[in-house]
Amino acid sequence: MILVKTSRFLLLIIIVAVAAHFLPDIFWTKFEKSNHTPFVAYSPVNNDFLITVNTGSELSRDARYKDTKGHIYDRDGYDTLLPFLNYRQLAALNKMPDSINGKAIPLDSIRLNNFNFSLRPSDIDFEEIPLYPLLESASGRLKLEMPHDVFRINNRMEFIDCRTNTIEEQKSKLFTDKLIEKGFSFPAKLVAGNPTTRKAFDEGYFVVDQKNNLFHIKMVRGKPFCENTNIPSGTSIVHIAVMENPRREFYSYVITADNKIYLQLYDKYRLQELPVKGYNYKTDGVLIMGDYFFRNVTLRRDNNVESFVADRNYKLIDHYKEKWEGKYESAAGSAAAYIFPFTLAFEDNDSSFMNIFLKFSDTRALLLILLSVFGSVMLTKYRKDKISYADLFLVLFTGIYGLIAVAAIRNVE
């Protein structure tokens, strides 16, 4: 009998888990409405933010745009107010202004100074294969070439020949000795690079060691180049995105555990903090755009967008925030909070991993939980079964899911 009761209770748990996974999913399939996050950019012409008005793509022909003063623009007006962002279109139509803010800027200079970078939480909560190709950064050739080997950094820096799957002992010792000479503490916590030949030049990798020191490693004419960047002590880095740009202003974007965004400059590897407040790398998407005059950082969330613009010295100039009704703030979201005490999912938009993701409701779920307990008691009396306190506790903690489970599988005496 004990085995039967145990088996039944395990089946109840399984039904609760299945219901917690599928019922909210079915609910949102019916009631969820997608929100398109507005695209925000800063105009050097009228020194104001421009925001997409419609819910379609910001590049669609029927899109309309506004500034913070409420002025509405069509696409042609939008292009004119953002000449750096739309310089190709303006140049093709001979509408590119001769000067911007009183300064004549050639197209080559505009192209050189334009950059953009986007990052999602799932790009940070991500596991990669810890094998990395180290390109020759000074081969003397016009084009970069992919090497025949890859490296890993565990108890040493180890190179593996991909053709024979053997360790290259001489090369491994050469680079390992250089790292030890520079004070590297094995193994590596984080290895970040841009392993592609589709770039103008190669800056190798930035590697965080066991003591949270950040090292720059690359190969120059077959020899190891290694430098401790001497970042401030206590800096805990969670993500690095290396960006080899011909402008050579900064090596990479750096995200830290305290939700700061930095550029690592070519100026002695100095970390330059971007003037952004309220960033959370676990939940917020970020878009960074730069041009000849400005640095614009936009945070994208479920129910708001927030944009910060700074000058080339990274001094904050202006700030814009727009909110709207998010998924969980809508009428459907409010109803879901009452109905579902929690949801169980195996995927999450903020992570690249398959895992068990539990999202709990708030105190609004208590009403239906109590009704579910009452329903469980009434169901037991209707069936003329003996009240099971284990069933009642299950329904008390799982609400409607538990009620479905005990209704599906009758108690065993």
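Okay, let's start with a pair of helices: α8 and α9 cross in a right-handed way. Helices here are DSSP runs of H or I with at least four residues, strands are runs of E with at least two, and both are numbered from the N terminus.

Before I go on, a word on what you're looking at. This is a predicted model, where local features need pLDDT of at least 70 and side-chain atom pairs count only at pLDDT 80 or more, though totals for chains, interfaces and linings use all residues. Residues are numbered from 1 along each chain as its sequence is written, and side-chain values use heavy atoms, with hydrogens and water left out.

Back to our pair. Helix α8 covers residues 365–383 and helix α9 covers residues 389–398; they pack at an angle of about 155°, with axes 8 Å apart. That makes α8 roughly antiparallel to α9. For the angles, axes are lines fitted to C-alpha atoms, for helices over the stretch in contact, and the angle runs from 0 to 180 degrees between N-to-C directions. Under 35 degrees counts as roughly parallel, over 145 as roughly antiparallel, 65 to 115 as roughly perpendicular, and the rest as oblique.

Which residues of α8 and α9 make the contact? On α8 they are I369, S372, V373, S376 and V377, and on α9 they are L392, V395 and L396. Contact, by the way, means heavy atoms within 4.5 Å. That set splits into 6 nonpolar, 2 polar and no charged residues. Nonpolar here is Ala, Val, Leu, Ile, Met, Phe, Trp, Tyr, Cys and Pro; charged is Asp, Glu, Lys and Arg; the others, Gly among them, are polar.

Now zoom out. The protein chain has 10 helices and 22 strands. Its radius of gyration is 28 Å, well over the 22 Å that the globule rule gives for 413 residues, so the chain is more spread out than a compact globule. That radius is taken over C-alpha atoms, and the rule is 2.2 Å times the number of residues to the power 0.38. The C-alpha atoms fill a box of roughly 85 × 65 × 40 Å along the principal axes.

Next up is helix α1, residues 2–31. It packs with helix α10, residues 400–408, at about 130°, with the axes 8 Å apart. The two are therefore oblique to each other, and the crossing is right-handed. From α1 the contact takes in L12, I15, V16, A19, A20, L23 and P24, and from α10 it takes in Y401, G402, I404, A405, V406 and A408. Count them by type and you get 12 nonpolar, 1 polar and no charged.

Helix α1 also packs with helix α7, residues 331–339, at about 165°, with axes 11 Å apart. These two are therefore roughly antiparallel. Here F27, W28 and F31 in α1 meet A332, G333, A335, A336 and I339 in α7. This contact has 7 nonpolar residues, 1 polar and no charged.

On to the sheets. Two strands count as paired if DSSP finds at least two bridges between them.

Most residues other than glycine have a negative phi, and most peptide bonds are trans. Where does R221 lie? In the loop between β11 (214–220) and β12 (223–228). That hairpin has 2 residues between the strands, and R221 takes a positive phi near 55°. The strands β11 and β12 run antiparallel, joined by 6 bridges. Then there's the peptide bond from F186 to P187, which is cis, with omega near -5°. P187 sits in the loop between α6 (169–181) and β9 (190–193).

Terms used:
A crossing is left-handed if the near helix is turned anticlockwise from the far one by less than a right angle, and right-handed if clockwise.
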